Structure formats: structure tokens, C-alpha cells
Amino acid sequence: SDVCSSDLTYYFCAIAESAAGTSFGAVLTFTTPAAPAVVTNPATQVTGAGATLNGAASPNTLATTGWFRYSTSNPGSCNDTFGTRAPSSGGVALGAGGASVAYSEVVSGLTPGTVYYFCAIAQNSVGTSVGSVLTLTTGRVPTVTTSAATLLTATGATLNGSANPNSDATTGWFRYAATDPGTCSDTFGTRAPTASGTSLGAGAAAQAYSVALTGLSPATTYYFCAIAASSGGTAFGAVLTFTTPAAAT
């Protein structure tokens, strides 16, 4: 066959011959184009429901496009048929240079606490190349429990709860109101504290936390619940009640 292999440098020269002898031209080179060289890089900005997939590819001097594939099932090796394509069509234009170009794609709608397999893919006019298969694990939602209120006075109380961070950095807080919200949410009544919350770490065991309330009304029933959030999402404890005693006369 007269077809040259891709990504190879060839040396050539012109030769001419006559009765007077043979003459030789200078030796020159040319390099045949090649499919992209692709690397899959670790995912970043991983949350419970999304992540940024990262890769890099050398276009090898031909116009090149890059994209990704991901799935909860291990494909064994990267290919352009498994799982979900990101983006669903087209891809990131990587130019036609000779140096590696980084590219990324944000994916959403992932399931919390789940291992995903992904890889980078790039294509030019010579062919399609794939990177290695890497994994990412989405954050898990905390597990939250509302505990009974303590230290009740006519105008104050301490709200108590606990949350298991499930190995993801977690913050805890409370909501309370004199009106029954039905179920716990992060919109009813008053937030305690009004901003931020208690840092509960990133361990795998339940962490207790509490907030002291003041300025309550005497002889009043209050509804409250514990709330905790991590990159995996926000979780809610049950709604409990406490009743402040009557003011001293």
C-alpha cells in the first residue's frame, strides 16, 4: 500500500540520473497527521447532583472537538457508546494546534451518594481517541434528627438536633414558629441562627447541635425542626413542639 501511517515523520529526497551520473537533492521531512492525544483529568466541583468533568487533548494540528461520556456502570474502557454523552451532541472546539488543550463540561441531574465512571473523548479528521476511565462520587445528603427542646423558660428555650454528615462537610440549623408548618422546610417561621449554622464536620457518625432561643412568648406552643445541608443536599428532621411556661406573677 502507498498509504502512510499516521503520526509518523518521514524523510525524503529527490534523485535524478543521467548518463553523466546521479544527483541528489536535500533530505526534507514531513509528518503525517494523527488522531488527538487525550487525557481524562479528575472531576471538580462535585456536589450531590452535579460535577464538572475535565479532560485535555492535543489536536495534533488538525481541527479537533472534545466531549465526555459518563455512567453509573463501569464501561471497563472508554468508548463513545456507554452511558450519557456530555454534551449530548457537538462538543468543545479545541483548535488545530500542536499543544494539549484543557476542556470541561458541567453535568447535572446526578444521584447523591453515587459512584460515576467518566472519560474524555476527542476527534479530528484522522480519528477518535479516548482517555482513561476515572470515577467521581457525588455527595450524600445528611441524615437529620430533631430532638426535644430543653431549658424551657417563659421567654426562651434550647433547640436540639443531630445530623450524620455521611462523610460530606455539613452545617446544621433550625426553624421554629408558633404556627404548625405541617412538615419541616427551610422557609417557615424563623431561622436559628439567622445565618450560617453549626459546622458538623465530614464524619460518618451523628453530631449533636443546639441553638438557644430568646424573646419567645410565655405560655405559647412552638413548632420546630432540625435542618442540615452539605454538597449532597439539604435534609430535614421531624417537626416537634414545646410550650413555654407562663410568666411568673
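Trainee: Where does Pro193 sit?
Mentor: In the loop between strand 17 and strand 18, and strand 18 covers residues 198–199. Keep in mind that this is a predicted model.

Trainee: What is the peptide bond from Ala192 to Pro193, cis or trans?
Mentor: Cis. Its omega is near 0°. Most peptide bonds are trans.

Trainee: What about the bond from Ala86 to Pro87, cis or trans?
Mentor: That peptide bond is cis, with omega near 0°.

Trainee: And where does Pro87 lie?
Mentor: Pro87 is in a loop. The loop runs between strand 8 and strand 9, which is 92–93.

Trainee: Let me zoom out. How many helices and strands are in the protein?
Mentor: It has 0 helices and 22 strands. The radius of gyration is 31 Å, well over the 18 Å that the globule rule gives for 249 residues, so the protein is more spread out than a compact globule.

Trainee: What does the C-alpha trace span along its principal axes?
Mentor: About 130 × 30 × 30 Å.

Trainee: How much of the protein is buried?
Mentor: Buried residues are 38% of the 249. The accessible surface comes to about 12,500 Å². Carbon and sulfur atoms hold 53% of that surface.

Trainee: What share of the contacts comes from residues 24 or more positions apart?
Mentor: 66%, counting contacts with a separation of 6 or more.

Trainee: Switching to charges. How many salt bridges are there?
Mentor: The count is 2. Side chains of opposite charge can pair when their charged atoms come close. In one of the pairs, Asp80 forms a salt bridge with Arg69. Their closest N and O atoms are 3.0 Å apart.

Trainee: Which parts does that pair tie together?
Mentor: Asp80 is in the loop between strand 7 (65–71) and strand 8 (84–86), and Arg69 is in strand 7, so the pair ties together parts that are 11 residues apart in sequence.

Trainee: Is Arg69 buried or exposed?
Mentor: Arg69 has 12% relative accessibility, so it counts as buried. Asp80 is at 31%, so this residue is partly exposed.

Trainee: Which residue forms a salt bridge with Asp186?
Mentor: Arg175. The closest N and O atoms in that pair are 3.0 Å apart. Asp186 lies in the loop between strand 16 (171–177) and strand 17 (190–192), while Arg175 is in strand 16. The two are 11 residues apart, and the pair links distant parts of the chain.

Trainee: And is Arg175 buried or exposed?
Mentor: Buried, with a relative accessible area of 12%. Asp186 is partly exposed, at 28%.

Trainee: New topic. Where does Asn124 lie?
Mentor: In the loop between strand 11 (115–123) and strand 12 (128–130).

Trainee: What does the side chain of Asn124 reach?
Mentor: The backbone oxygen of Pro59, at 3.2 Å.

Trainee: Which residues does Asn124 touch?
Mentor: Leave out residues up to four places away in sequence. Asn124 then touches Ala34, Ala35, Pro36, Pro59, Leu62, Ala63 and Thr64.

Trainee: Now the outside. Which residues form a nonpolar patch on the surface?
Mentor: Phe12, Leu28 and Phe30. Together they have about 270 Å² of accessible area. Phe12 is in strand 1, residues 9–12. Its relative accessible area is 38%, so Phe12 is partly exposed.

Trainee: Last one, the backbone. What is the phi of Gln45?
Mentor: Positive, about 50°, although Gln45 is not a glycine. Most residues other than glycine have a negative phi. Gln45 is in the loop between strand 5 (37–44) and strand 6 (51–58). At 63% relative accessibility, Gln45 counts as exposed.

Trainee: And what is the phi of Ala219?
Mentor: Ala219 has a positive phi of about 50°, and it is not a glycine. Look for Ala219 in the loop between strand 19 (207–213) and strand 20 (221–230).

Trainee: Is Ala219 buried or exposed?
Mentor: Exposed, with a relative accessible area of 54%.

Methods:
Residues are numbered from 1 along each chain as its sequence is written. This is a predicted model: local features need pLDDT of at least 70, side-chain atom pairs count only at pLDDT 80 or more; totals for chains, interfaces and linings use all residues. Side-chain values use heavy atoms; hydrogens and water are left out. Helices (H or I, at least four residues) and strands (E, at least two) are DSSP runs, numbered from the N terminus. A polar contact is a pair of N or O atoms within 3.5 Å; within protein, one must be able to donate a hydrogen and the other to accept it, and residues adjacent in sequence count only if both atoms are side-chain atoms. Contact means heavy atoms within 4.5 Å. Patches are made of residues with over 30% relative accessible area and no salt bridge: like charges are joined within 9 Å, nonpolar side chains (Val, Leu, Ile, Met, Phe, Trp, Tyr) within 5 Å. Accessible areas come from the Shrake-Rupley method with a 1.4 Å probe; for residues, only the protein chains shown count as cover. A salt bridge is a side-chain nitrogen of Lys or Arg within 4 Å of a carboxyl oxygen of Asp or Glu. Buried means under 20% relative accessible area, exposed over 50%, partly exposed in between (1.4 Å probe, protein chains only). The radius of gyration is taken over C-alpha atoms; the globule rule is 2.2 Å times the number of residues to the power 0.38.
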